[in-house]
Amino acid sequence: MIEQVKEVYENGFTIYRDGKLEKRELFWNDEFCVGCGICADICPVNAIVMGPLGAIAKGDVVAPKLDIDKDTCVLCGMCASACPFDAMDLKINGKSIKEDERYPKIKRKSIKIYQDKCVLCRQCEMVCPQAAITVERSLAERKKFVIGEININKDKCVLCGICAEYCPADAIILKYNHPSPSNPKPVTDIEVDRDKCVYCKVCEFVCPHDAIEVICYKCPMMKKIPKAKLYEDIQGKVNINEDLCVACGWCAFICPVEAIEVEKPFKGEVIIDVDRCNACEACVAVCPCNALEFPKPKDKAEKVPRLIVNQNLCILCGACSKACPVNAIKVVRKEINFEREPKAIAWKMAFEKLLEN
Amino acid sequence: MPEHILSGIKAIISMKLRRKGLTQKEIAKIIKSDRSIVSHYLSGRYPKEKILRVAKTIEEIPPEYGARIIHSLTEDKELAKNLIKELYNIKLSWNKDSCIFCGTCLMCEVLTLDYLTINIDYNSCILCGNCVLNCPTNSLKFVRESYD
């Protein structure tokens with residue numbers, strides 16, 4: 001047997017075997033690994049041992065999420081091919097099995113943005129549990145849609161600041177001064193921030209000294225003011241960081257215009273045995289999708305379930321079930337979404353092990 | 001000692017081949033010995049009973065282990081191959097259904113991977129059994145060859 005060598009880095013390791021005919025290298029990256037344990041489930045030689053996942057996820061312990069015994073591992077690549085998070089890869093003679101059509105590939109990070117449908121509402125950015133989405137948005141200047149004039153008569157103005165307190169747009173700024181013998185006045189000037197002012201006339205109405213005059217052109221010039229158009233006046237773009245995306249589908253689920261399509265790696269459901277749960281929160285901490293929650297009662301008397309899951313946001317990776325110390329969570333996978341189906345019979349059987357477990 | 005055990009194995013094989021109808025000359029060629037020694041083996045004069053007992057035990061154990069013992073008895077790989085082949089009547093076989101294509105066996109140049117098939121070069125295979133012992137899924141095995 002050719003000796004297999006393991007090199008351990010700060011956030012991962014490589015195991016390689018340099019043979020006459022082929023060089024195989026297995027990579028594992030702790031950063032992308034969520035500790036779902038699919039690799040350990042599929043490994044034909046039981047070479048993968050999972051770490052204390054609940055404690056790691058909660059930050060109680062600093063340890064790698066898994067370890068592979070270099071002498072037991074045969075570098076077959078099943079783990080890399082099944083990993084839904086791209087935390088593993090096997091390269092044969094420098095070529096990743098993800099690009100090798102002989103090897104199966106689970107659909108992962110399968111997210112599609114239809115920029116033409118997107119309304120740049122930014123809600124996907126707000127919900128993404130992995131901060132994998134950013135929405136660039138730049139708006140045309142307010143001036144284009146809000147026109148008018150405002151003038152403060154400094155001779156009449158007593159700098160009382162009543163207008164500033166009323167102003168709904170916070171557009172009136174008073175210049176304060178620390179009173180001193182050389183400059184005894186507490187307020188020295190008043191200014192209007194023309195980028196904020198909407199010419200609503202409130203200041204004019206409330207000024208007891210008749211010092212402000214506002215003319216609003218919005219109504220008389222209604223026809224001349226353009227209606228803001230998406231992708232003309234409002235420019236923007238959705239950016240996805242595929243390295244971070246876990247295809248939980250939260251963005252697609254809440255998108256108001258169906259501009260995002262996410263294909264998940266598995267179909268099935270998560271079953272929670274609430275009576276067993278002792279609310280240790282390991283599952284909530286480990287879940288890469290934030291799909292689990294301990295609901296908080298609105299008032300003290302309200303009874304709420306101990307733990308709930310939103311199946312729409314879950315990818316059935318099984319990390320919660322692996323981290324749960326009391327087996328209160330069961331992940332039932334009914335179907336695997338393959339990008340490429342396994343061809344070899346032994347591989348087909350191995351992937352079937354992941355179903356209905 | 002190793003030489004004695006080797007002789008015991010050669011004696012058992014000589015008897016097997018004689019029963020199959022091979023001449024002493026043909027047998028001598030296969031076991032790489034002198035014709036006169038073959039005649040000793042066949043007459044039962046040599047080796048001793050206790051050595052034959054060891055050789056018979058080697059014949060009884062699973063071929064992948066026996067093959068390793070026989071290879072350890074001699075440097076002559078071709079001779080070892082002949083002895084293993086005749087003693088156990090085996091050849092290397094690959095099971096496409098259980099193979100996971102891990103490439104562990106590819107350390108031996110007899111085996112090559114072609115798309116999703118492991119090809120075995122039976123002429124160069126010396127039946128050392130390393131691949132059989134290292135295969136994680138028992139997809140490489142020594143199987144008995146049919147007698148036809």
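Pro47(B) sits in the loop that runs between helix H3 (35-43) and helix H4 (49-60) of chain B, where helices (H or I, at least four residues) and strands (E, at least two) are DSSP runs numbered from the N terminus. The peptide bond that leads from Tyr46(B) to Pro47(B) is cis, with omega near -5°.

This is a predicted model, in which local features need pLDDT of at least 70 and side-chain atom pairs count only at pLDDT 80 or more, while totals for chains, interfaces and linings use all residues. Residues are numbered from 1 along each chain as its sequence is written, and chains are lettered from A and ligands numbered from 1 in the order in which they are written.

Lys109(A) is partly exposed, with 19 other C-beta atoms within 10 Å; a residue is buried if 20 or more other C-beta atoms, placed from the backbone, lie within 10 Å of its own, exposed if 12 or fewer, and partly exposed in between.

The largest nonpolar core has 86 residues, and Cys79(A) and Val286(A) have the most contacts inside it; such a core is a set of buried Ala, Val, Leu, Ile, Met, Phe, Trp, Tyr and Cys residues joined through C-beta atoms within 7 Å. Helix H3 (residues 78-82) of chain A gives the most to this core, with four residues.
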